[in-house]
Every structure is written in C-alpha cells, then in structure tokens.
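Here are some notes on the model you sent, arranged as numbered points.

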Amino acid sequence: MSTYRPQESSRPAASGPAIPQQPRGGRGVSFARALLVVALGGALTACQSGGRPGSPGSDTGGSAKGDFGPPQGAPVRAVLTSPPQVPPPTGRTHPAKVIVELEVREVEKDISEGVKYTFWTFGGTVPGSFIRVRQGDTVEFHLKNHPSNKMPHNIDLHGVTGPGGGAASSFTAPGHESQFTFKALNEGIYVYHCATAPVGMHVGNGMYGLILVEPPRGRPPVDREYYLMQGDFYTVGKYRQRGHQPFDMQKAIDENPTYVLFNGAESALVGDNALKARVGETVRLFVGDGGPNLVSSFHVIGEIFDRVQWEGGTRYQENVQTTLIPAGGAAIVEFHLEVPGSYVIVDHSLFRAFNKGALAILKVEGPENKAVYSGKEVDSAYLGDKVASLASVEAARAAAAAGTLTKEQQIKAGETYFNGSCALCHQVTGEGLPNVFPPLAKSDFLMADHQRAIGIVLNGLSGPVTVNGAEFNSVMPPMSQLNDDEIANVLTFAMNSWGNEAGAVSAEEVAAVRAQTKRPEGAAR
Amino acid sequence: MLLAATSAAEPTYVPVEGGALRSVLPPAPQQQETRVAPFRLRRTAVTNRDFLAFVIRHPEWRRGTVAALFADGGYLRHWAGPLTLGAEADAEQPVTQVSWFAARAYCAEEERARLPTWSEWEYVAAASESARDARQDPAWRQRILDWYAVPGDRPLARVGGQPANFYGIQDLHGAIWEWVEDFNSLLVSADNREQGDPDRTRFCGSGALSMEQKENYAVLMRIALLSSLQAAYTTRNLGFRCARGDAEPGR
C-alpha cells in the first residue's frame, strides 16, 4: 500500500451519452458464432428441466477452462463508466493485462428531493463504476482511498477466484492505495462490494457495483446497454423527511429500509434522467442487487424480457415477466421494443416501488404501432403520483422555493397527490362511499378544524366519526410519508374543491402539527 | 506565532479510576474482561499549536526532515510549511496527518507521557456525559454513528468543543480518529467476514478472537480504521492525545 494523492485529471471517466452497441467491422464472424452457440444453448434449454447445463458438450468448463494463458500485447487501461452507462465491448480476441483504477469517495448527495445522505462510493456514484473485461484477462486492480475519506475500505469482486475475492489484499486506509492482481477465469456479470467492518453498513451506504467478464467470443451486439442496481437504504428520518439523514443501524438490522432505490437516488432514472431507446431497438440491461438486505423482483411494466440470464449465469431463459435478483447477485435481461412510451421499471414487491422509491423509467420514442398495442401507453393508476402530471408539482415546488407560491398552484399540485393517494377511497368526486368512506365534498367534519384535518392526514384516523350527519367507522392509514409541502397542497386542494371554500393550508402549519406528533415506536432509531 | 506556540499552557490530564472493560474484543478466549489500571488521560487532543512547538524543538520531526520510515508522504501536509501552520491548519484544531511514531515521540518528549492503550481509550470512550458506560444506550450510539455520516472533507472542529464526558474528558467522539499505543496488536482480518475461519495464522493478537456485540457498529469502525493503518501512516482525520499511568512520573 502506498500514499495516495488524487489528481483532478485522474478521476474515473465521467458518464457520456449512451453508446449504441453497433456491430463492429470484423465481428461478424464471432457474432454468427455467438448466435450458433446461443441457438444451441436455447435448444438445450428447451430439452432440459430448468435449462441447466447437463450434457458435458454444452458446458463452458467454468474456471478450469477459463485460463487462456499469459496476457498478450501492451497492458490496456480499463474504460470505467458511471451508471447507467456501460463501457464498450473490449473487442479483443486474446487475453490482455487490464489495469483498473478505482477511487473510493465518501460523498454527500440527494437520496430524494431535499434529502441529503452521505454515500460511500466506488468512483463517486451509486452503484460504482462499471468494469468490463474479457474472460482470461489478467486484471491489475488499484484501489485508491481518497484522503478526505474517514473510513478504511476494500473490495470483494465476486468475479475473482481466491479467498475473500480481493478483500484482504485491498484493505486501504484513507489517503492510501492498494494493488492486487487476479485472472478473470469465469465469464459472467458479477457484483463487487466493500467488505470492511461493518460490512452491512459499507454496503448499505452504497459500496457496490458490477464487473462484466465477457465470454471469449464477446456478447451479441445490441442497440443499447444500460447499467442499474437496486439497493436498500436506512435513514434515521422517515421516507422523504428533509435535511441530512444519517444511517440508521437499528433499521438496517431489522431489515426495514426507508428507501429502496435504483442507482442510489429517487431521481436517478426518472424525468430527464430516464433511460432512452427507440422503437425497433433491442435493449440489454445489466441489473445488479447490492442489497445489503433485500432481493429484487425485477420487472418492467409493459415489457416482457425476451431473454434473461438469471443469476448472471451462462444459460438464459426466454419470455420472462419478472426475474428474481438476489442481494449480491445480478442478471442480464434483453428485450426488443415495439411500442413507444414510458416503461416503468420496478421492484414488483410494490410498496418498495411506490412508497420507497424503487422506480425507474425507460422512455421509448418512435412511431406508434397500433397493431401491437392500441391503448394508453402507460397505466396511470399504477403510476400514481410519480409520473402523472408531475409538472404541477414541480411548479409548486419551484414557487415555494422562490417564496411566490399561490393558492392556485397549491390546488393544482394537491390534485395530483389527491388522485394518486386519496381518490381510491374518497373518490375523485370527493363524495366518498356511503357507509364506508366519508365524503370530503361539502364535509362539515373536514372544514370545521384545519389543525385536526392536518393531524388526520399525518396520523390517520380510526373509530367512529360523524360527517354531514352520517356515522362512519373505518380506518384511514397515516400518510406521514408525504412531506409538509405535499400535505399542505393536498389539503388546500380538498378544502377548495367540490364546493368547499377555504384559505390555503401552509407547509408551516403542517410542520407545526408534525412536530407535536409523537414518533411511533420503531419509526426510527 | 512562534512565541505563542512555545508558550502554550500546560495540558490538563484528567485522572481516571481503573476498572474492568468488557468489550467487543475480549483479551483471551476464557477471559471476558480487561483490567484497566488507574491512569490519567489528556482532556483534549494535541493541537496544531502543541505540535508546532514540538517540531520547533525537534527538527528531526519536521515535515521534509522526518525519516520516511517514520512518516509517509502525507505527514503534516496540510500545514503551509514545515514551521508554518497557514490557512488550512488552525492552531486550536487537533493535529492530524501525523504518524504513530510522531505521536509517540510527541507524548514522550513534550509531555513525559505515552499514547493510551486501546483498552484505556475504549474504557473512557464508553462514557456519555452522564454515564460511565453508555454503550447500551441506542441514542448515544446513534449520536456517535452520526459523525461517521458527515463527509470527511469538512474542516475539523477546534478541540474542547464538546461537553466533557463522565470523566471530564472531551471530544473522544465526533471529532477525529485517535492513535492508540497498541493499535497494531488489534489487527483483525482485513476481510472481517473471516472471523470464524480456523486459519488463525492470518490474525494477530486479540483480533484473532471473535468480535462480540456486532451491533455496536461504532466500535467495529474504530477497530477497522486502526487495523488498516501502519505506524508510518498519516490521514486527514487521525490525530492523538497522550496518557500517563498513575505510577509513571509526570513532567
């Protein structure tokens, strides 16, 4: 290990635009061969239960056949990319010495709108930089621990053959650098992660990424390759509670995450950051699950995976709706795009998607294909408040920040939340359902006491109430995951719709009521 | 600057009654507790001002002069010059970017003292403001963890900024990492998942034993940090304070 002082110019490559994976000159032969291999694999899959390799002839041979001899030619510096980008294929037909330089950085970033979190990262991003090598390559790995970091770190690459996966050889104090070398004997997509005590906390703070070991024949070219990883995060504050949020040890031990995210932030892959592709293209996703605790039921709403290399292994399954990705595991999924629109990528354990952030968007542009799909592009009820009419929410947020928020802006933004969260019971008409859900429209109970209304949204309500002369006795869950602005907006909407008339409810009023609210047992700490 | 530096007030040493330390690293397989003899610990960490006075008196410990064997390339790098603190190093901030060798030399030469042992340090650091042993208090533990969540590139707080703990000692948590005398005898495996590995030849000293109280993440992090160090290493968040045994003569 040696002292490490970073140079500005030595930072890992920043993300660039999506690199279409076009067939390259001279790769036609290997592509055809790859197709043949794939076809054989597919035939075997069809004949054998579970598609596991059975006949010796179909076996890749694993690590015993993964050593193609000493590295040839001049050493190659690995191209590292930030998520969601994937480095280009190595394009090599021989084993090489590949130099990987990865810098650990402890950085404060937004985990959600207005919520800061200190992430520990490989390369400044969550997940860490994507590494791409070829089977048989000799990888000279340099792990640099930035001088401003507080923690020692190391790296365990699941693609390494040897005790600890490199962890003991790469244990590095802040401001120092370690080096170790391994030969990539098994093809596949592998998770790497930090293995320094306490391991769960290092991983929980974002210390994971993927390394792709290409098979010697390369991978069949596709139009787009993208990189995403799911991870669970544990903050002292509640979901979307503003400010800097420290790691919550107890929640992590209880496996009760505050956030479940793709690529380390609620906004990582939505809006302007959405993944992009065009009709007629084939997309390949390298999907990992960093954990530390949860496995992923990985699903793209409105698409079917044409192929899945489940668990990142060599064989593939076809025509899959949802694939399970273990914590510390990965998969390669591919699908061809026929219909334009926004495709929502989720963990189909759905409360994670809609209440903890496990949601990303793939935006597909191109001509409509009514013969394949004639209806709406997306299921708006499914999307809730996440995607539908976020414009009014954005406008209100900007106005609130600028101090120019009007009642009308609050009503518009509140309507979005209302339709996403409240209308299922109280109905879009505000009329509720007789004997079950009380009305909000012209509701004496709602309009009588603003403080009480705020408290009910924050804490829920159960037990008998009388609304407009009728008795109701049911349960409303607490909506405290909404932040102060959101609750102020949704109440302003409800109190100024369907014949109701009142002033605006302010975020300050909500904050005051929230501050008086006792935190439920186990909510944090 | 030089005058101010050389006329610094005598540091305060706080007496600590001895006792038994039950920790995540038991001293031996059949022994759960370590006896900590009565000793005295510096109330606050050694500052840039203190350390400047030391290197003025001891040219062999100046940046640029110090033997590479005793301090790596980062030694006192944040100082403007070998005898100048400059804008990046406030006189009252704890000195960091110092090696274990330099810290030991400072304690011996300047204060007729030594570095605290790991057991002494942890014994005193188990205390909150009001309790001798607060380690089972979840709120106290979370407060310590919160420091680790603050990025390390922020300026260090001046010494004495935090309330005194049960013993009257300040800044043990939430300020810097601190060297201890026997840091290299706690070497746990660099890969902490190997604790059950029967191949004990890869471990040294008490680190060979299984770590208890795995939920006490803050202690695990301190042990991990100390285990990652070599005696010549320096880092931006690592400083020290000195200790004296009761039987050891003061200045």
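Which two cysteines form a disulfide, and how far apart are their sulfur atoms?

1. The pair is C107(B) and C242(B), whose sulfur atoms lie 2.1 Å apart. Please keep in mind that this is a predicted model, and that the distance, like the other values in this note, is computed from its atoms. Over all chains the count comes to 1 disulfide.

2. As for geometry, the torsion about the S-S bond of C107(B) and C242(B) is about -85°, so the disulfide is left-handed. C107(B) belongs to helix α3 (residues 100-111) of chain B, while C242(B) sits in the loop between β6 (238-239) and β7 (243-245) of chain B, so the bond ties together parts that are 135 residues apart in sequence. Both C107(B) and C242(B) are buried.

3. Two cysteines of chain A deserve a separate remark. C194(A) has a relative accessibility of 0% and therefore counts as buried. C425(A), by contrast, is partly exposed, because its relative accessible area is 31%, a value that falls between the limits of 20% and 50%. The closest cysteine sulfur to that of C425(A) belongs to C422(A) and is 8.9 Å away, which is too far for a bond, given that a disulfide requires sulfur atoms within 2.5 Å.

4. Turning to the contact between the chains, chain A contributes 37 residues and chain B likewise contributes 37 residues. The size of an interface is often given as the accessible area lost when the parts come together. For chain A and chain B that area is about 3300 Å², with 62% of it on carbon and sulfur atoms. Within the area that chain A buries against chain B, K150(A), F171(A) and M249(A) supply 21%, more than any other three residues.

5. Which side chains meet in a salt bridge, and at what distance from N to O? They are those of R154(B) and E108(A), at 3.3 Å, and the count between chain A and chain B is 1 salt bridge. Across the interface of chain A and chain B there are also 8 residue pairs in polar contact, with both residues at pLDDT 80 or more.

6. On the side of chain A that touches chain B, the elements giving two or more residues are β4 (115-122), α2 (199-204) and α3 (249-253) of chain A. By residue class, that side of chain A divides into 20 nonpolar, 11 polar and 6 charged residues.

Notes: Residues numbered from 1 in each chain as written. Chains lettered and ligands numbered in written order. Predicted model: local features only at pLDDT ≥ 70, side-chain atom pairs only at ≥ 80, totals over all residues. Heavy atoms only, no water. Contact = heavy atoms within 4.5 Å. Buried area = accessible area lost by both parts, 1.4 Å probe. Salt bridge = Lys/Arg side-chain N within 4 Å of Asp/Glu carboxyl O. Polar contact = N/O pair within 3.5 Å; in protein donor to acceptor, adjacent residues only side chain to side chain. Helix = DSSP H or I, 4+ residues; strand = E, 2+ residues; numbered from the N terminus. Nonpolar A, V, L, I, M, F, W, Y, C, P; charged D, E, K, R; others polar. Buried < 20%, exposed > 50% of the residue type's maximum accessible area, 1.4 Å probe, protein only.
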